[in-house]
Amino acid sequence: MPFLASFMGIKSPMPYTQLDDLSKTKVSNGMNFAHGGTGVFNTWMKKEPNMTIQIDTFKQYIADGVYTKSDLDESMAVVSSSGNDYTQYNAVYHGTHEGYQAFVAKVIDQLELNIREIKKTGVNKVVMLTMQPLGCLPYKEKTLSYEKCDKPLNNDTIYHNTFLQKAVQRLNKETTDSPFHILDLYSAFMSVINKRGGGANNSH
């Protein structure tokens with residue numbers, strides 16, 4: 001998120017948990033409701049709020065008057081699912097793919113509900129990030145001596161991203177102004193990995 005903010009020429013949104021004084025100066029660059037280790041659903045980080053609870057917190061700030069309709073009209077929400085739901089699924093089921101596709105559908109269905117809720121708040125645009133190539137993350141490459149990415153795990157990521165893009169297309173068909181957008185984080189990651197020769201030829 002700090003990188004996106006920098007690219008757009010604005011300061012990085014402050015984590016909402018650090019906003020002791022909800023002054024307009026502090027919230028003018030937006031808020032960050034994300035929590036490390038959390039997911040669309042509850043993960044092993046049970047004390048941290050899942051995405052639905054994060055959205056509910058945002059809605060409460062709107063109800064409290066922290067953001068006005070004018071603020072929301074000029075705002076963009078960036079939504080990220082970084083794969084913690086799948087990491088937990090793989091841990092619980094020891095890497096087996098039995099029921100995996102059904103679980104992906106469940107995650108995507110909930111994401112679709114979540115971004116609908118965000119748009120209902122009055123936010124002008126909702127940008128959904130595709131998931132980064134999970135098979136190229138350091139903890140997975142470590143098991144392959146950092147020589148290549150985990151191809152099956154990257155294929156799982158592509159599966160998720162494909163259905164995410166379809167969900168966004170469905171949402172836009174229901175509107176006249178196409179307020180939902182995809183930012184392809186997967187391709188951005190793979191572009192960097194390819195240029196640096198980080199085992200990308202084995203990744204997809």
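Residues are numbered from 1 along each chain as its sequence is written, and side-chain values use heavy atoms, with hydrogens and water left out. As the model is predicted, local features need pLDDT of at least 70 and side-chain atom pairs count only at pLDDT 80 or more, while totals for chains, interfaces and linings use all residues.

**Exercise 1. How many helices and strands are in the chain, and in what order do the elements run?**

Step 1. Take helices (H or I, at least four residues) and strands (E, at least two) as DSSP runs, numbered from the N terminus. The chain then has nine helices and five strands.

Step 2. Read from the N terminus, the order is α-β-α-β-α-α-β-α-α-β-α-α-β-α.

Step 3. Call a residue buried under 20% relative accessible area, exposed over 50% and partly exposed in between (1.4 Å probe, protein chains only). Of the 204 residues in the chain, 37% are buried.

**Exercise 2. Is the aromatic pair of Tyr 16 and Phe 33 stacked or edge-to-face?**

Step 1. Rings of Phe, Tyr and Trp (its six-membered ring) pair if their centres lie within 6.5 Å; planes under 30 degrees apart count as stacked, over 60 as edge-to-face and the rest as tilted. This rule gives eleven aromatic pairs.

Step 2. For Tyr 16 and Phe 33 the centres are 5.1 Å apart and the planes make 25 degrees, so the pair is stacked.

Step 3. The two residues are 17 apart in the chain: Tyr 16 is in the loop between β1 (14–15) and α2 (24–27), and Phe 33 is in the loop between β2 (31–32) and α3 (51–63).

Step 4. Tyr 16 is buried because its relative accessible area is 17%, and Phe 33 is buried because its value is 12%.

**Exercise 3. Which helices hold Tyr 89 and Tyr 100, and which cluster includes them?**

Step 1. The pair of Tyr 89 and Tyr 100 is edge-to-face, at 5.7 Å centre to centre and 70 degrees between the planes.

Step 2. Tyr 89 belongs to α5 (residues 84–92) and Tyr 100 to α6 (residues 100–120), eleven residues apart. Both are buried.

Step 3. Phe 41, Tyr 86, Tyr 89, Tyr 93, Tyr 100 and Phe 103 make up one aromatic cluster.

Step 4. The buried residues of α5, Asn 84, Asp 85, Tyr 86 and Tyr 89, pack against α6 and α8 (151–173).

**Exercise 4. At what angle do α3 and α6 pack, and which residues make the contact?**

Step 1. Axes are lines fitted to C-alpha atoms, for helices over the stretch in contact, and angles run from 0 to 180 degrees between N-to-C directions. For α3 and α6 the angle is about 5 degrees, with the axes 10 Å apart.

Step 2. Angles under 35 degrees count as roughly parallel, over 145 as roughly antiparallel, 65 to 115 as roughly perpendicular and the rest as oblique. The two helices, α3 and α6, are therefore roughly parallel.

Step 3. With contact taken as heavy atoms within 4.5 Å, α3 contributes Met 51, Thr 52, Ile 55 and Lys 59, and α6 contributes Gln 110, Leu 111, Asn 114, Glu 117 and Ile 118.

**Exercise 5. Where does Gln 132 lie, and what is it in contact with?**

Step 1. Gln 132 is in the loop between β4 (125–129) and α7 (138–141). Gln 132 is buried because its relative accessible area is 11%.

Step 2. Apart from neighbours within four places in sequence, Gln 132 is in contact with Ser 82, Leu 137, Thr 157, Leu 185, Tyr 186 and Phe 189.

Step 3. Gln 132 and Tyr 186 are 54 residues apart along the chain, and their C-alpha atoms are separated by 4.4 Å.
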